[in-house]
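Please look over the model shown here, with attention to its nonpolar cores and to the packing of its helices. The briefing that follows is grouped by those topics.

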Amino acid sequence: MKKKWYKGKVFVITGASGDIGSEVCRLFAPLGMRMYLLDLPNSPLEGLVDELKKLGADHVEAIILDVTNREQIEVVLKNIGEKEKYLDIIFNNAGIGSKCSITNKGMFEEYRKIMSVNVDGMWLLLQAALPYIGRPSPTKKYPDRREGQLIFSSSAAGKTGVPNMAAYAMSKSAIITLADSIRSEYKMNGHKIDVITSLSAPANTKFYNTPEMVNWVKGYKKRGFLFKFVEPQDVAKRVLKASRKSKKEVYVPRFWWLIGFLFVFSHGLIGNLLIKIEKTQK
């Protein structure tokens with residue numbers, strides 16, 4: 001997309017106050033977008049709203065939204081949709097995770113919580129937003145053609161799986177296939193809705209600062225420079241570039257696309273690396 005395409009367009013993001021979400025907002029704001037920041041109550045959005053306005057956003061509004069609350073999602077998306085008429089970019093960014101798996105006796109309730117936020121929330125939000133996604137961009141062949149973007153925040157874990165984090169990896173894998181399916185559906189129906197999936201290596205965010213993840217982080221970093229944590233700013237830059245270039249998938253760092261490639265041809269190699277990381281905690 002050319003830079004001028006973004007001016008005055010509507011940008012909706014979930015998990016807006018998070019480390020990655022807020023950095024993405026800071027990069028899209030100078031493009032002159034109309035921004036709707038969705039997040040949980042007590043999220044630090046007020047300061048971000050003021051910051052984005054100063055950075056050049058045409059309009060910024062913070063709205064309380066719990067992606068596990070279906071009724072709330074429907075009301076919020078309907079209100080934004082009716083006010084703006086079109087939703088040009090939706091960034092499905094809200095997500096959680098923990099060390100929950102079968103063999104480490106992870107609770108089903110914890111598994112369901114992760115899936116509810118990471119997967120069900122995206123489904124419900126897109127379902128509610130469907131009438132407003134993209135704006136008319138008709139052609140002779142496709143008179144009902146719409147143009148816009150859907151961006152999904154996934155993870156490299158969705159390509160490989162991670163020991164003792166099965167619930168999280170499952171949710172991220174589901175996001176990848178959800179995005180792939182929707183991308184094909186829009187293409188099949190003649191629309192120009194770019195569907196972009198962000199697959200990041202572990203990032204330096206609050207997600208990995210919890211007590212249960214501290215030892216995992218130490219083991220991960222011991223594997224060498226290839227396993228260096230990425231910064232939220234790096235992820236945001238790659239997301240913006242993917243939006244500008246209409247990419248399907250974007251890896252952070254770039255060479256991490258090799259992880260999925262190697263996993264296909266050498267399942268044991270990647271699996272053993274992940275096992276070694278987990279064993280360093282014991």
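Contact here means heavy atoms within 4.5 Å. This is a predicted model, in which local features need pLDDT of at least 70 and side-chain atom pairs count only at pLDDT 80 or more, while totals for chains, interfaces and linings use all residues. Residues are numbered from 1 along each chain as its sequence is written, and side-chain values use heavy atoms, with hydrogens and water left out.

**Nonpolar cores**
- Phe28 touches Tyr6, Phe11, Met33, Met35, Ile89, Val239, Leu240 and Ser243, when residues up to four places away in sequence are not counted.
- A nonpolar core is a set of buried Ala, Val, Leu, Ile, Met, Phe, Trp, Tyr and Cys residues joined through side-chain atoms within 4.5 Å, where buried means under 20% relative accessible area (1.4 Å probe, protein chains only).
- The largest such core has 35 residues, and those with the most contacts inside it are Phe11, Phe28, Met35, Leu37 and Leu52.

**Helices H4 and H5**
- Helices are DSSP runs (H or I, at least four residues) numbered from the N terminus, and their axes are lines fitted to C-alpha atoms over the stretch in contact, with angles running from 0 to 180 degrees between N-to-C directions.
- The axes of helix H4 (residues 70–84) and helix H5 (residues 108–129) come within 9 Å and cross at roughly 35°.
- The contact is made by Arg70, Ile73, Glu74 and Leu77 of H4, together with Gly121, Leu124, Leu125, Gln127, Ala128 and Ala129 of H5.

**Ser116**
- Ser116 lies in helix H5, and it counts as buried because its relative accessibility is 19%.
- Leaving aside neighbours within four places in sequence, Ser116 is in contact with Val67, Thr68 and Gly121.

Notes. Buried means under 20% relative accessible area, exposed over 50%, partly exposed in between (1.4 Å probe, protein chains only). Helices (H or I, at least four residues) and strands (E, at least two) are DSSP runs, numbered from the N terminus.
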